[in-house]
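Me: I want to learn how to read the features of a model like this one. Can we take them one at a time?

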Amino acid sequence: MSPINSINLPRIFSKLDKNGDGLVSINELKGFLDTIGINSSQEELELLVGKTSLDSIDFFLFYDAITKAHIKESKRENIFLENELQKVFRVFDLNGDGFISCEELQSALSRLGLWDEQCGKDCKNMINVYDTNSDGKLDFEEFKDMMLDN
C-alpha cells in the first residue's frame with residue numbers, strides 16, 4: 001500500500017468525484033483502492049462501507065481506518081517473520097552463543113544435506129558478505145539481512 005499524505009485527500013476526493021455531486025461511488029472507491037494496492041471486490045466494499053457512496057468526511061474516515069488496519073497488519077507480519085527467522089537462526093547457531101560461525105554453517109548445511117566441498121570455499125565468503133562488523137561470524141541482525149537479502 002502506498003502511503004498518501006492526508007493533505008492530498010481532499011484533492012484525491014475531488015478527482016474521484018467525477019460527476020461533481022460531492023460523493024464518491026463504491027466503484028470509484030474500488031478504483032482508488034486498487035491504485036494504492038488494496039484489492040477488494042465491489043461487494044466487499046459495499047458490505048464494509050454500508051453505503052453506495054461516500055461524502056468527503058466518510059471518505060476521509062474510511063481512508064484513515066484502512067490505513068490504520070494496514071499498519072497493524074504489517075506489524076503483525078513483521079513480528080511473525082522475525083519469530084520465524086529466530087527459529088531458523090537457532091538451527092544454525094549450534095552452540096547457542098548468538099552467532100553463526102563458518103563451522104556451524106557447514107555443520108548445519110551438512111545435516112540438511114546441502115553441504116559439498118565447493119560450499120566450504122563459499123562458506124567463508126557467504127559469511128563475509130553479510131558480516132558487517134567483520135568478526136568472522138553472523139549475529140542475528142546480520143543473519144536476518146542475509147535471509148532477507150538487504
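Me: How many salt bridges are there, and what counts as one?

Reply: A salt bridge is a side-chain nitrogen of Lys or Arg within 4 Å of a carboxyl oxygen of Asp or Glu. Side chains of opposite charge can pair when their charged atoms come close. By this rule the count comes to seven. This is a predicted model: local features need pLDDT of at least 70, side-chain atom pairs count only at pLDDT 80 or more, and totals for chains, interfaces and linings use all residues. Residues are numbered from 1 along each chain as its sequence is written, and side-chain values use heavy atoms, with hydrogens and water left out.

Me: Which residue pairs with lysine 51 in a salt bridge?

Reply: Aspartate 58 is the partner of lysine 51. Their closest N and O atoms are 2.4 Å apart. For accessibility, buried means under 20% relative accessible area, exposed over 50%, and partly exposed in between (1.4 Å probe, protein chains only). Lysine 51 is partly exposed at 38%. Aspartate 58 is partly exposed too, at 21%.

Me: Where do glutamate 73 and arginine 76 lie?

Reply: Both are in helix H4, residues 56-92. Helices (H or I, at least four residues) and strands (E, at least two) are DSSP runs, numbered from the N terminus. Glutamate 73 and arginine 76 are three residues apart, about one turn of the helix. Their side chains meet in a salt bridge of 2.8 Å, N to O. Glutamate 73 is partly exposed, with 34% relative accessibility.

Me: Is lysine 144 buried or exposed?

Reply: Lysine 144 is buried, at 15% relative accessible area. A salt bridge links lysine 144 to glutamate 141, with 3.4 Å between the closest N and O atoms. Glutamate 141 is partly exposed at 43%. Both residues lie in helix H7, three residues apart, about one turn of the helix. Salt bridges that share partners join Glu82, Glu141 and Lys144 into one network.

Me: Which backbone atom lies 2.9 Å from a polar atom of the glutamate 104 side chain?

Reply: The backbone nitrogen of serine 101. A polar contact is a pair of N or O atoms within 3.5 Å; within protein, one must be able to donate a hydrogen and the other to accept it, and residues adjacent in sequence count only if both atoms are side-chain atoms. Contact in the wider sense means heavy atoms within 4.5 Å. Leaving aside neighbours within four places in sequence, glutamate 104 is in contact with Phe92, Asp93, Leu94, Asn95, Asp97 and Phe99.

Me: What does cysteine 102 contact, leaving aside neighbours within four places in sequence?

Reply: Cys123, Lys124 and Ile127. Cysteine 102 is also found in helix H5. At 12% relative accessible area, cysteine 102 is buried.

Me: Where is phenylalanine 60, and what does it touch?

Reply: Phenylalanine 60 lies in helix H4. With neighbours within four places left aside, its contacts are Leu9, Pro10 and Phe13. The C-alpha atoms of phenylalanine 60 and phenylalanine 13 are separated by 8.6 Å, yet the two residues are 47 apart along the chain. Phenylalanine 60 is partly exposed at 27%.

Me: What is the phi of serine 134?

Reply: Most residues other than glycine have a negative phi. Phi of serine 134 is near 55°, a positive value in a residue other than glycine. Serine 134 lies in the loop between helix H6 (117-130) and helix H7 (140-148). Serine 134 is exposed, at 64%.

Me: How far apart are the C-alpha centres of domain 1 and domain 2?

Reply: Domain bounds come from an automatic or database domain assignment. Here they give domain 1 (6-70) and domain 2 (77-148). The two C-alpha centres lie 45 Å apart.
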